[in-house]
Structure formats: C-alpha cells, structure tokens
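Look at the structure shown here and follow the paragraphs below with it in view.

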Amino acid sequence: MPWSRRQVLAAGGVLVTAPSFLACAPKQAQPQALGSALLPNDPFLSWFGIDPATLRTVMAELTSRGADHADLYFQHTRSTSLRLEDGIIGEASARVEQGVGLRCVVGDQVGYAFTEDLSLPAMLQAARTAAAIATGASRPPPETFASTGPGDRYSLTLPWEEVGIAQRLPLLSRCEELVRSKEAAVSKVSVSWSDSDERVLIADSEGRISLDRRPMSRLWVSLVAEREGVSQSHGSNLAGRHGLEWYDEARLQQVCDEAIARTMVLFEARRPPAGELPVVLAAGASGILLHEAIGHGLEADFNRKGTSIYSDKLNQPIAPDFVTIVDDGTQPGERGALNVDDEGNPTERTVLVQGGVLRSYLHDRISAAHYGVPSTGSGRRESYKHPVLPRMRSTYMENGPHSREEIIASVKHGIIAETFTNGQVQIGAGDYTFYIKNGWLIEDGKVTAPIKDVNIIGNGPESLRRVTMAANDSKLDSGGWTCGKDGQGVPVSQGMPTVLVSAMTVGGTRG
Amino acid sequence: MMALGALALEAATGAGASGAFAGVGRTRQVDLAVRGEALETVSESTSQSLVLEVWVDGRYATTRTTDLRPDEVARLAREAVALARALQPDPSRAIPDPSLFAGRAELDLELADASIPALSHADREALCRAASAPILGQAGLISTTSACSDGEGLSVQLSSNGFSGSHRRTWLWLSSEVTLQDAAGRPEGWMSAGGPHRSQLPAPAEIGAEALKRARDRLGSRKGPSGRTTLVVEARVAGQILSRLLSPANGANVQQGRSFWAGRLDQPAVSPALVVRDEPLLARMPGSRLFDGEGIRAATLPLIEGGALRNLYLDTTYARRLGMAPTTGSASNRVVQPGSRDLAALVAGVEEGVLVSSWLGGNSDPTSGDFSLGMRGNLIRKGQLGEPVSEMNVTGNLLALFAGLAEVGSDPWPWGSTRCPSLVFEGVDTSGA
C-alpha cells in the first residue's frame, strides 16, 4: 500500500490510498444554529429513514465520552454509467451507495466510523466506536436540530433519478455519429457516460442540520485514428453538476470536434527539446498549474502541521502584483460548486492570493479553529467512508493586464501547453508536475509545430515568481477533473488566463 | 453471504436473465495514526456490497449496492434485468464458460492471519510509536506521522452456471512519513511495509528509520543536468515503470486499438533480460487468488519471456471479440525474474547516470508508448552516488526504454503484489537544468 502524493487526475483515473491525515484543534466558538426547526417529516430525514429523535439518540452516544465537536454525515448516491464501443451501447451499470459517517473530535484527536446499515442499533454501534477516542465526561446532545435547506447552485429541473435509461442512450449514439461523419481516419470511437444524484444530510453537535442534493454528470468521447499504419488516441470530455438538457447539440458538437482535433494533431506532433524553456499556459485547463503549484500547498492541514512549503508565507508577496488566485465554491453548475461543504458550512469565494500577496489558506472547521479564523467552507470528503479534509473547489487565476497575442509574441523559443491529463505535487519540497498531452512549439514569437506527451516539472513558489505575463482571457475548463488527497477523490474545477512562466523544466528529448 | 448471492441470482433469473454472476463482499478496516507523540486519528469501518452482472437476450448490465436488505437485493436484480433490456445486443457479451471454472487449484494461499482481527487499538498505537521512535527528536524534524492500517475481508462469488467460491483475506500495513527542514524547502521521506500476515511486518523501527533516511537523502537536492544517460531505477519504484509497460497488455486495449502491444504478441520487442510472469498462486502475497473476478481458475501466466510479450490479460468479452481464449481479466501478482547483482553493484557498474529513487507525476500513452515522467534521486559518477537531484524529467518511448534494459537486480521489492528488482536502463533522455 504505497503512500500517495497529492495529485489531480482526469476523471476515470485511479487513486492510490494512503493513511488519513486529520488532526483537530482546541475548542472553538460554536456557530449559531440557523434555519428552520427540523420537522419529523422532512423529506431528507424520510429518505434516510431517520427522525430528530433518532439523530439525538445517536448524537448522545457519539458524545457520550465527551467531544469538542461531533457530526453525522448521511449520504445516499445513485449513479448510472453507460459505455458505447464498436457502435454498440453494450454496457450499463447502476449503483446505489448509502451510509453514515460519524465523527468525534476531542482536542487533537479524531475518532471516525461509518456504517452502511442505517438501523438504530448499527448507528449506535458506530457511534460507540468513534466515541472511543474520547475519555471525558459526556456532552449532552442538542435539544433540537434546525435545518438549512438545499441551496440552488445546481438545482435540476429534472433530477437524474427521474431520467429514464432510454433518455440517456441518444447522447452516446449521437457522439459516435458526429465523429464518424467528421473524420474518416477514426478507427475506433468509444463514448462513456456517467451521472449521479447524491443526497446529503449533515447533523452536528451544535444542533445544525444541513441538507444538499448534488447532481453530477460527465460525457467522455475517446478516439483512435490511423494514418499510414500509425495509431494515435485521445479524446475530450464535458462535465459538471448539470442535467440532461445541458448536453445539447452544440455541446455534443463541441466535445466531438475537440476530440477529433486533439487526436489528429498527434500525427504531426513531436517532442520538444529537453531542458528549461519558457512555457505559455493556454487559457482554461492550465489551471492545473495553480492546483498543483499552490492550491494543495495552501490547504491548511499541511500548513498547521508545518509540512507545506507555504507554511511561513502568509501575508508575504509570492507572485507579481497582477496575480490574483481564487478558490471558489459558488460557481453554479461547476464540478467544484457546493451549496454547503461536507461539514455543513457555507461555501464561499476565497481569495488565496491578492495582488501577488498570499492572503488565505483553505480551511475546514479544525484548521479554522487552529488559526482563529472562520472556515472557508473547504471541508470536503469523498463520501461517508472518509473523514473531512481541507480541499480545493474551483481554483482559478483572474484576468491579468496582457493579451494572449502579446504573450506569444514575447517568446523567442518555448512551448505553449493546451491540454493536460494529470498532475502531482510534493507538498514539502513544493515540486510539482503536470502532463501536457497537446501543445505547440513557439519559435520567434509564433506558434509553429505541435508537441505531445511532455511532463513539466517545477517548484511552486519559484514558478509563481516566474509568472511574467497574464492575459485578460481567464476561463474555466469544462472537463471532469478529480483531485486526489490521502486516498480521497473529490470533483474540482480549474481555470486560468493565458500565462507566461519564464522557465520550467520540459520533458523533451535530445534527438 | 452465499445466501444473499443466491437470492440475487434467483431474482435475476426469475426476472428474465439468461445468466447472472453475483459477488458479495464484507470488509472491516481500522486505521490509526500517531503524529509526533500524539494519537491523531482512529478510524474504524465495516463496509459491504453486492455486485450483480446479468445477461439478458444477448444484452449485459451490472448493478451494485451497499444496501443488502433482501428486498433491496431483489429490487436490484429486477433493475439490472430492466437495464440490460434497454441496451443493444452485444454478441461479445456472455457469461464465462463453465469449463474455465474447472480445475481450480486446491491450495491454502495463507491469505488470512487470525492475529490481525484480534489487534487492539493499543497494539496499533504501539506499532506506530515504535515506528516513530527513531525519528522523534532528530535534528531538523518538522513533522512525522506513523500510521497503521489493518483489516479483514470476505468475498463470495457465485454464478447461475455453476460457479461458487470465496476468499478470506487479512492485511496489516505500517507506514511512516517524515518532513525535515532545509534551506530550500521541507523535504519528505516515507516508508511503508506490510502484507497479509503480521509476521511479514518488519521491525517497526526499521520502517521509521528508513523514512528518516529517505528524507535526509533529499536534503539539499537540486535540479540535475539534461542529457542522455543511464538510469538505475530503485526496486521500490521500478514496479511503477513496469506497470506502465504492461498496463496496455490486455484484451480491451488491444481490441480497442489503444495498445502498443497490438500485433507484437510473440514478437521480440524488449530486452531479453526482462522476464515477467503473473503468479496468482503464491502464498502470502496480496494479489494471490484461486480464481479471478469471472471465476476463471488461477494459473501462472507468462507475460514477458525471450524479449517478447507471450500473453494478454483477456476476459471473456474481449477474448470473444479478438477470437482468442480467455486467460484472466486482471493482474494478480507480477513477478520479475531477479538478476544476480544487488543495487550497490548495479550503481558501481555505471560510469555516469542517475539513480531514480522516486517518480513525481508524468504519464504514458498506451497507444504509442510515449512517456514522460518526473523523477528524483542521485547523480552517479564513476560508480559512486553523487548529490541528490530533483525537478527532472525522463522522456521516451516505453518499448525503446525496455529494449535498452541492460540489467535486472537481485533485490525484488518485497512489499505489495509486484515483485520487481532494481532496473538499469541505458540511453535515456533526461531533462533538468
């Protein structure tokens, strides 16, 4: 069981597991319970087959040996996936995952347990297991619970649960048809589809209940093309907290056109020369640079423990003054969007770097208490099976003062990076990588030959200092990115304007 | 659990499935971490799931649930059949042939150790503290965490055409991670070891000491030079590059045109120094099994011999599409035939090169074999280890890389399901300063 580094992978990637790192903090001010009193017939409670009295009974067990904080995270997820290969939609899968995670926080310690059996005896047993971390006097459970209803950052007119399987099938067939009609060199088309409908109920020891219903969907078109006995493969995908209607003809055309263009250009692509080069990051998916070079390093658990290279850099200049970097949970429909985080705290737009100065880390409840600041609503978990960690949501750089044309024209000999597959960072050293699947050489200020399969490696703080230009064309990528940390994968978004980093180590060849 | 699986099969065939395959699993896992001298996290869980595959009039679907109430299982079976009926017929989809179930080895693979479920939290905490003992108080220490992860799992599988089998497994892993301070950053080191039996765990202090050594080895590392050179890849990370070579060697990739192995079966492609077999019947190995996920009896599968790929991983579906016989759809334990010299001797034999002690990011293209990976390690000069290097990439093509495999070490990494020794590659392009 090898330990993982922090990494981001395109959806469908595999995450390796690692022991969880979760610590806690001294007692903190308890947030005031807001919202309306929870009614016994609340639809979310009915969904999980529980009522306020049951919650109170389980919470009493969870805090029976004392707790600074405790919470119950109920989750029910129904997901559907489909796959088209060789012209046949021949594989369908439906999955139901349901359970409750129970957490007891005492001083610097966290006890965690989960059960997939939502009967009272099973939940009480799990509560006793999590509570065993504590050794003090019992803390009475809240007299009442007050709920905050689901927000509206991703409400669907037709929830995925109500969409029939036959309504999904034409999306896959249409993509195959589009690709076949547009490019004769394509020898194989595979189209993958997945959607999910997730209900979440979070009840905590302060009497707060947070409810959320979180949709997610993804369409992935993969191609193999052949030319003169050589094969190349690539693809494109669309993803977000969207419903069926979002996947309209224009978007299907877009994803198929991208998949074709990205694949066909590989026949002409070569490797750049090895060594240090200026790297232009194209607007959009290049946000992977932010995710790896700074985003993980600003997750406050690493900083609280002193293991991040950014641990001593708060309120210091770390980038040129035109650089502002944001992590945002409030963008409707984005993969990283949340109405509330997985501790029930409201999400927000967190400015990490303002005018080149490091202004904030990303906090969950525990790290916020450690630093004496409000939570940034960044407490996330993969599912009820996992404890909360501070995580990114949608990470992007705001517009800079330059134009894309100015930036490319300024480069004598370098590369421009356009599409990516994955990245990784080593938190302490600050070294990070990302893998370019498509890019171009820049020669004498002009975009020339295509390049492919290049790993870029750099050091986070050093690369930020080397951001010499940023354009006014910032945009979010529409692809399905998944971030991995300590064995947990969560959906994220990322974005970027066109940016020039004056020198990075480019994985090229000597030939 | 067998009864639950039988219920699912009965419900599926009752709903109209011509064939069905059910798998029921239950796992209990405990994770405990000690950071510095303080207990940090205790996590304990029991999870359960049922997976049901159905074949209906030449159509195929799967369903999975964590809700194992009999009513829910019966509902799931009906849903699976309805799901399949909504799809198009696929002639390659068929329940595995029962002849592939026959002849299962009658061996005790020793995959379960009764002492592991009996561990107490105090036992786990003691293991973690013993691992951290060599680290605490050391100069430059910023943080150290040692973690213990153990569990027990039981899985049963049965099919409507006669398959029935089960596996019981235990595992115990102990890990340490260290962060030190140096002028440029906060280098980390880690070590993790374990297996199905408690007796496989090395002395905890060895794990902590190795993590500390690994972090110290990174102190003062700098970007190395760009050039074409010899790479010595340490056993503990050599399995990762081997996995990139073998991951496209399966029916799905080959049939879908996404494998550089297509058309190369039995053709010389890599160095004859590389001999790899898939070995499912080894005792006390994490990947060992008597049958695979389709119920196919487990047997040794030669992968690379005589410089050529000898077999593909082939499940029923892709074997039918390729007109070949199924082997197995997934890897068990991959075992590389060791050479005769240890890591020190391999390094001593290199005039100029880089010892790779860890990878960082990167990827490879299964269709072309092109790869580019981040790496860290030490320079090698005249057979001696030199200064630590980082922020470097190695770039090339996997077939060309393994064609340039000059030597295999005698030191297979003993933890995990890949037994790969250190590997020496010649003529590799690196990029750094």
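Strand β5 (residues 109–115) of chain A and strand β2 (residues 38–56) of chain B run parallel and are joined by five bridges. Strands here are DSSP runs of E of at least two residues, helices are runs of H or I of at least four, both numbered from the N terminus, and two strands pair if DSSP finds at least two bridges between them. Phe114(A) stands opposite Ser45(B) in β2(B).

This is a predicted model, in which local features need pLDDT of at least 70 and side-chain atom pairs count only at pLDDT 80 or more, while totals for chains, interfaces and linings use all residues. Residues are numbered from 1 along each chain as its sequence is written, and chains are lettered from A and ligands numbered from 1 in the order in which they are written.

The contact between the chains takes 76 residues from chain A and 75 residues from chain B; two residues are in contact if their C-beta atoms, placed from the backbone, lie within 7 Å. On the side of chain A that touches chain B, β4(A) gives the largest share, twelve residues.

Helix α4 (residues 165–182) of chain A has 18 residues. Its buried residues include Leu172(A), Cys175(A) and Val179(A), whereas Ala166(A), Gln167(A) and Ser181(A), on the other side, are exposed. Buried means that 20 or more other C-beta atoms, placed from the backbone, lie within 10 Å of the residue's own, and exposed means 12 or fewer. Among the elements that cover the buried residues of α4(A) are β7 (186–204) and α5 (249–264) of chain A.

Chain B has domain 1 (2–217) and domain 2 (222–242 + 338–431), with bounds from an automatic or database domain assignment.

Terms used: The expected span of a helix is 1.5 Å times one less than its number of residues.
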